[in-house]
Amino acid sequence: KYRRALGKLAWLSQTRDDIHIMVCILSTGQAAPNERHERALRQVLRWLFHDGLVCLTFPSDGEIGSEDYLLTGYCDASHAPMRSTNRKGISGAAIIFCNCLIKSY
């Protein structure tokens with residue numbers, strides 16, 4: 001049960017940066033979860049159910065000009081092998097909203 005719930009949280013954390021660190025910490029007990037890990041997992045699930053529904057909302061274009069809410073994304077990838085780091089390739093992306101970086105990987 002613990003691993004299944006943690007797997008679902010890991011999938012959800014791809015789009016929810018607010019739970020990413022919590023999922024990483026909970027993953028340390030994945031091999032042999034005990035009562036402490038299960039309590040922490042229940043606490044995260046409880047938080048998501050009650051307080052995790054907070055989101056950003058933006059007015060429609062009719063209320064304010066669309067130039068005020070400019071969303072820009074950049075991505076790049078290199079699929080060539082990198083012998084110095086033993087990697088097969090590297091990629092990255094950045095999402096910028098109103099001239100502020102909101103997500104990068």
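Student: How exposed is Glu 35, by relative accessible area?

Tutor: First, this is a predicted model, where local features need pLDDT of at least 70, side-chain atom pairs count only at pLDDT 80 or more, and totals for chains, interfaces and linings use all residues. Numbering starts from 1 along each chain as its sequence is written, and side-chain values use heavy atoms, leaving out hydrogens and water. Buried is under 20% relative accessible area, exposed is over 50%, and partly exposed lies in between (1.4 Å probe, protein chains only). Glu 35 is partly exposed, at 44%.

Student: Which residue does the side chain of Glu 35 meet in a salt bridge?

Tutor: A salt bridge here is a side-chain nitrogen of Lys or Arg within 4 Å of a carboxyl oxygen of Asp or Glu. Searching the whole structure turns up 1 salt bridge. At 3.2 Å, N to O, the side chain of Glu 35 meets that of Arg 42.

Student: Which residues of α2 are buried?

Tutor: Helices are DSSP runs (H or I, at least four residues), numbered from the N terminus. On the other side of α2, Ile 21 and Ile 25 are exposed. The buried residues of α2 pack against α1 (2–12) and α3 (35–50), with contact meaning heavy atoms within 4.5 Å. In α2, residues 17–27, the buried ones are Ile 19, Val 23 and Leu 26.

Key:
Helices (H or I, at least four residues) and strands (E, at least two) are DSSP runs, numbered from the N terminus.
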